[in-house]
Protein chains: 2
Amino acid sequence: MYGVNRAIQSIRIPQIVEAAVEIIAERGIKDTTLDLVAKKAGLSKGGLIHYFPTKKSLIETVVKEFFSRIFQRGKELRDSFEDPYEQLISFLWLYNRNDPDYFTGYRMFFEIMTIASMDREYREVFHQWVNSWVELLEASIKKGVEKGDFEVEDSKEAAKTISAIYQGVASRWFLDPENHSDEWAKSTVRSLIKFVVSRK
Amino acid sequence: MYGVNRAIQSIRIPQIVEAAVEIIAERGIKDTTLDLVAKKAGLSKGGLIHYFPTKKSLIETVVKEFFSRIFQRGKELRDSFEDPYEQLISFLWLYNRNDPDYFTGYRMFFEIMTIASMDREYREVFHQWVNSWVELLEASIKKGVEKGDFEVEDSKEAAKTISAIYQGVASRWFLDPENHSDEWAKSTVRSLIKFVVSRK
DNA sequence: TAAAAAACCGACCAATTAGTCTTTAAACCG
DNA sequence: CGGTTTAAAGACTAATTGGTCGGTTTTTTA
């Protein structure tokens with residue numbers, strides 16, 4: 001049963017992207033085949049190619065989609081807090097092994113870092129992503145400084161530091177869970193953040 | 001000109017591993033072909049297969065070799081310092097874009113993290129690697145505590161934290177150099193380490 | 001309602017590549 | 001020196017897979 005309606009693109013593309021994310025998380029980008037993605041998305045390779053003429057174009061879309069989805073989640077949760085410090089630690093939801101995005105999200109993240117480490121184009125995407133997180137953190141820091149809660153010389157620097165801390169802890173927490181519990185991740189990040197925003 | 005001498009294995013295997021590391025760093029594990037590695041190592045695919053019957057066996061050896069080489073470097077440099085704090089920051093050599101191992105080392109690291117995120121076996125290798133770094137750091141911390149330089153509740157926890165910090169900063173420094181200078185990396189790590197070993 | 005366009009299928013092609021196998025040459029050993 | 005073992009080459013095989021293409025069905029449009 002083909003083209004049920006003309007707005008089919010707005011259905012198919014998310015379907016395909018979602019399928020691709022899952023396959024990539026499971027097998028990695030290199031072992032993700034168009035056939036598999038197509039099947040998972042409920043169509044044939046020919047159908048898939050109709051929307052994404054090349055594998056590269058599919059991956060690009062998936063990567064951008066993934067980043068923006070995670071970013072959106074983070075931003076929304078942060079915005080639900082008023083207090084600047086609460087905002088800064090609102091990203092601790094990243095350390096939740098029961099989150100539906102847990103496995104998929106981390107696997108995607110490692111895949112993307114690895115292609116970024118090889119490819120300028122993706123490094124640029126990564127750069128923008130980091131930037132957007134840093135800006136988010138920076139805004140909270142500035143708010144805290146204005147409010148008198150924080151003492152920070154350079155809020156951008158502080159934001160970069162906090163962002164890097166989140167990531168370093170995340171890598172350990174995901175890749176070596178045996179030694180890095182949820183509690184470890186959370187308390188470590190909390191304490192480092194406190195230090196970063198209240199020095200000098 | 002074949003088998004020049006019987007101790008050839010001890011020459012060929014490092015040659016092959018070295019070639020593989022370079023190819024992997026350049027193209028990633030998935031795009032590393034036996035032919036390319038063989039050629040780079042100065043022999044044919046048949047010759048390569050003689051030493052490593054499968055690609056998997058080659059990769060395993062390469063990963064272990066890589067880890068132990070970098071670890072060795074770190075350990076030796078650390079051991080050249082007496083002062084515990086100097087020892088803790090001795091790993092700042094990791095943030096040197098002119099280091100001969102710079103590109104290769106970081107690329108390998110991302111490749112390995114990514115396979116570790118997919119594969120239990122490699123996660124175990126990663127786990128052991130992290131452990132060995134943590135132990136190295138822990139020893140320095142304990143020394144500093146005994147000496148009275150540091151104030152630390154749980155030296156293992158502190159070591160894990162410092163290790164994660166090194167890694168988080170490293171990821172940013174490598175993947176987004178535009179925004180993360182050598183100086184940023186070094187001063188960030190220095191200041192966070194100081195905090196970690198002297199709190200409470 | 002007919003023709004044009006869009007959605008979709010799946011057979012096929014061409015390239016890539018891990019691993020096999022046969023052969024050759026050198027090294028070692030008695 | 002002759003036989004055995006090891007090192008190495010490289011042609012070949014079989015599987016995989018990205019992308020092409022011709023055709024079919026549905027939807028849109030005029």
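Is the crossing of H1(A) and H2(A) left-handed or right-handed? The crossing is right-handed, and the views below show where that pair sits among the other features of this predicted model.

**Figure 1. An overview of chain A, built from helices.** Welcome to chain A, which has nine helices and zero strands. Reading from the N terminus, its elements follow the order α-α-α-α-α-α-α-α-α. The C-alpha trace spans about 65 × 40 × 30 Å along its principal axes. Of the 200 residues in chain A, 54% count as buried. Take the contacts between residues at least 6 apart in sequence: 67% of these join residues at least 24 apart.

**Figure 2. Helices H1 and H2 of chain A, packed together.** Two packed helices are described by the angle between their axes and the distance between the axes. Here, H1 (residues 9–27) and H2 (residues 34–41) of chain A pack at an angle of about 125°, with their axes 8 Å apart. Because angles from 65 to 115 degrees count as roughly perpendicular and those over 145 as roughly antiparallel, H1(A) is oblique to H2(A). To find the contact on H1(A), look for A:Gln15, A:Ile16, A:Ala19, A:Ala20, A:Glu22, A:Ile23, A:Glu26 and A:Arg27. Their partners on H2(A) are A:Leu36, A:Val37, A:Lys40 and A:Ala41. Sorted by class, this contact has seven nonpolar, one polar and four charged residues.

**Figure 3. Helix H8 of chain A meets helix H8 of chain B.** Now follow residues 155–175 in both chains: the axes of the two H8 helices come within 7 Å and cross at roughly 115°. That angle makes H8(A) roughly perpendicular to H8(B). The crossing of H8(A) and H8(B) is right-handed. Chain A brings A:Ser163, A:Ala164, A:Gln167, A:Gly168, A:Val169, A:Ser171 and A:Arg172 to the contact. From H8(B) come B:Ser163, B:Ala164, B:Gln167, B:Gly168, B:Val169, B:Ser171 and B:Arg172. By class, the contact between H8(A) and H8(B) has four nonpolar, eight polar and two charged residues.

**Figure 4. Tyr95 in the largest nonpolar core.** Which residues touch the most other members of the largest nonpolar core? Among the 144 residues of that core, they are A:Tyr95 and B:Tyr95. Zoom in on B:Tyr95 and set aside its neighbours within four places in sequence; its contacts then include B:Tyr106, B:Ile165, B:Tyr166, B:Val169, B:Ala170 and B:Trp173. Also in contact with B:Tyr95 are B:Asp182, B:Ala185, B:Lys186 and B:Val189.

Note on methods
Residues are numbered from 1 along each chain as its sequence is written. Chains are lettered from A and ligands numbered from 1 in the order in which they are written. This is a predicted model: local features need pLDDT of at least 70, side-chain atom pairs count only at pLDDT 80 or more; totals for chains, interfaces and linings use all residues. Side-chain values use heavy atoms; hydrogens and water are left out. Axes are lines fitted to C-alpha atoms, for helices over the stretch in contact, and angles run from 0 to 180 degrees between N-to-C directions. Helices (H or I, at least four residues) and strands (E, at least two) are DSSP runs, numbered from the N terminus. Angles under 35 degrees count as roughly parallel, over 145 as roughly antiparallel, 65 to 115 as roughly perpendicular and the rest as oblique. A crossing is left-handed if the near helix is turned anticlockwise from the far one by less than a right angle, and right-handed if clockwise. Contact means heavy atoms within 4.5 Å. Ala, Val, Leu, Ile, Met, Phe, Trp, Tyr, Cys and Pro count as nonpolar, Asp, Glu, Lys and Arg as charged, and the others, Gly among them, as polar. A nonpolar core is a set of buried Ala, Val, Leu, Ile, Met, Phe, Trp, Tyr and Cys residues joined through side-chain atoms within 4.5 Å. Buried means under 20% relative accessible area, exposed over 50%, partly exposed in between (1.4 Å probe, protein chains only).
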